[in-house]
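I opened the notebook to keep a record of what I looked up in this structure, entry by entry. The sequence and the model come before the notes.

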Amino acid sequence: MTSQFKNYIAGEWRESSEAADNVNPSNTRDIIGQYARATAADAERAIEAARAAFPAWSRTSPQVRHDILKKVGDEILARKEELGQLLAREEGKTLPEGIGEAARAGQIFLFFAAETVRMAGEKLPSVRPGIDVEITREPVGVVGIITPWNFPIAIPAWKIAPALAYGNTVVFKPADLVPGCAHALSEIIVRAGIPEGVFNLVMGRGSVVGDAFVRHAHVDAITFTGSVPTGRKLAATCIENMKKFQLEMGGKNPLVVLDDADLGTAVECAVNGAYFSTGQRCTASSRLIVTEGIHDKFVDAVTERLKSLVIDDAVKQGTHIGPVVDQSQLDQDLSYIKIGQEEGAKLVYGGELLNRENPGFYLAPALFTEVKNSMRVAREEIFGPVATVTRAKSYDEALELANDTMFGLAAGVCTTSLKYATHFKRNSEAGMVMVNLPTAGVDYHVPFGGRKGSSYGPREQGSYAKEFYTTVKTAYTLPG
Ligand code: ADP
């Protein structure tokens, strides 16, 4: 008997007329459970409940919000192994990666628990005599949260925690592929004592539930992480409906490797950044830009390192890279591998399907060399274990190639030169820059986000999150 999981709407666990199987990508015979699929009417009910709960929640003492968020963070951390296991099973990240992500979600809740008591304002004299001016922050209202499948617990955490901390109420729609972590997180939030209507879980299709969030007049703000086409569509609808919105979308992140780099560091940065988590990270180092003097050594060393990686069931001990998340993502990866070859890039390693003990979406990590930055494999986000190597004649050319993209999420450089490291940090057109570190892998207490086609709106995470989750009020007083 497959377990059934319900939505949480208006303070109740509610069934829906439809449900969908949550399938393990490492073993497609393993069904994790059946998860409710909300209708537009369910979404509407959740939005109205969040609207009704807003006035009281927005005026709660920060201590009340602190205590609930802290309880959530503590429970996630106490159960990180079990949640990490569920994450690895439903998304295909390896067990250590899953546990690490669960722990991060816990830390995020603890960070925002503490943020509740840091809502400082400003008071200053007016330019007009005798008047005081105060600048304060207030919650925005009902926040619609729409998340992707690649970080099934961390992304929901870094949107739900600040939304609640700053006094907003929430309607949350996780990606269809990963309702398991979203449901487990929701149970923890409910158990922590969240009042009725303040938090609502609405699992369902983007075109039904997500669309209802974006169009409904009683949703005040939308925070979205996902693909560029969906983000674009959603932005247009938000503007039509005068909603505040924030988008985190794709990346085509360059990792520049200079002649003077430490080879071991560069190889680890490239392999970790490009292939770990099956390359399914918006911060993945999918473009490796390598100067002539180190190019051949680097390609040989990366290839050797790839040969040593174990691609297998995500929850199995010793697995370095789990499967691709589902058939449609696998089809996309394979189609880009074909496109790369047709464009004249050289596939020097991987790219083939792998058979393992159980049926799953196993793909050997693929490395292309002789890639021109104009090729589609260098310009479009593939979102799989596929990386390209482009030659650069000099540091200047490498920087130019790194910035020659519609995206601007993360960028990295491997070098032992302070001069180049400093120059790259100042001149990279990405929102996040890494020196001698993989482009993927960030801290939870500092801003996350990009420029150009990667992101829109204020940064997420850390105390910068309040730019999105609060709105500023300026008050003038003439005392007496
Ligand atoms: P990904 O492939 O990373 O999941 P998508 O952009 O397809 O990227 O999906 C990201 C999130 O947006 C998911 O939760 C998805 O269900 C949701 N979504 C998809 N289409 C729409 C839409 N038309 N309106 C609102 N949300 C949507």
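**Entry 1: Thr-439**

I began with the side chain of Thr-439, where a polar atom lies 2.6 Å from the backbone oxygen of Thr-283. The side chain of Thr-439 also makes a polar contact with the side chain of Ser-285, at 2.6 Å. By polar contact I mean a pair of N or O atoms within 3.5 Å, where within protein one must be able to donate a hydrogen and the other to accept it, and residues adjacent in sequence count only if both atoms are side-chain atoms.

I noted the basis of these values: the model is predicted, local features need pLDDT of at least 70, side-chain atom pairs count only at pLDDT 80 or more, and totals for chains, interfaces and linings use all residues. Residues are numbered from 1 along each chain as its sequence is written, and side-chain values use heavy atoms, with hydrogens and water left out.

Is Thr-439 buried or exposed? Thr-439 has 0% relative accessibility and therefore counts as buried, the cut-offs being under 20% relative accessible area for buried, over 50% for exposed and partly exposed in between, with a 1.4 Å probe and protein chains only. I placed Thr-439 in the loop between β20 (432-435) and β21 (451-452); helices (H or I, at least four residues) and strands (E, at least two) are DSSP runs, numbered from the N terminus. Leaving out residues up to four places away in sequence, Thr-439 touches Asn-253, Pro-254, Thr-283, Ala-284, Ser-285, Ala-410, Ala-411, Gly-412 and Met-434, contact meaning heavy atoms within 4.5 Å.

**Entry 2: positive phi**

In the loop between β20 and β21 I also found Asn-436, which has a positive phi of about 60° although it is not a glycine. Asn-436 counts as partly exposed because its relative accessibility is 30%. Glu-370, in the loop between β16 (366-369) and α12 (376-379), has a phi near 55°, again positive in a residue other than glycine. I noted these values because most residues other than glycine have a negative phi.

**Entry 3: domains and cores**

I then took the domain assignment, automatic or from a database, which gives domain 1 (4-249 + 454-477) and domain 2 (254-435). Their C-alpha centres lie 31 Å apart, and the contact takes 25 residues from domain 1 and 30 residues from domain 2.

Which members of the largest nonpolar core touch the most other members? Of its 64 residues, they are Phe-109, Ile-160 and Phe-199, a nonpolar core being a set of buried Ala, Val, Leu, Ile, Met, Phe, Trp, Tyr and Cys residues joined through side-chain atoms within 4.5 Å. Helix α5 (residues 154-165) gives the largest share, 9 residues. Domain 1 and domain 2 both give residues to this core, so it lies between them. I recorded that Phe-199 touches, among others beyond four places in sequence, Tyr-8, Ile-160 and Phe-172. A second, separate core of 28 residues includes Val-257, Phe-276, Val-290 and Val-299.

**Entry 4: the ligand**

Around the ligand I looked up 17 residues, of which Thr-147, Trp-149, Lys-173, Ser-227 and Thr-230 come nearest; a residue is counted here if one of its heavy atoms lies within 4 Å. A polar side-chain atom of Ser-227 lies 2.7 Å from an oxygen atom of the ligand, while for a backbone N or O atom of Gly-206 the distance to a ligand oxygen is 3.4 Å. The protein buries 78% of the 550 Å² that the ligand exposes when taken alone, with areas from the Shrake-Rupley method and a 1.4 Å probe.
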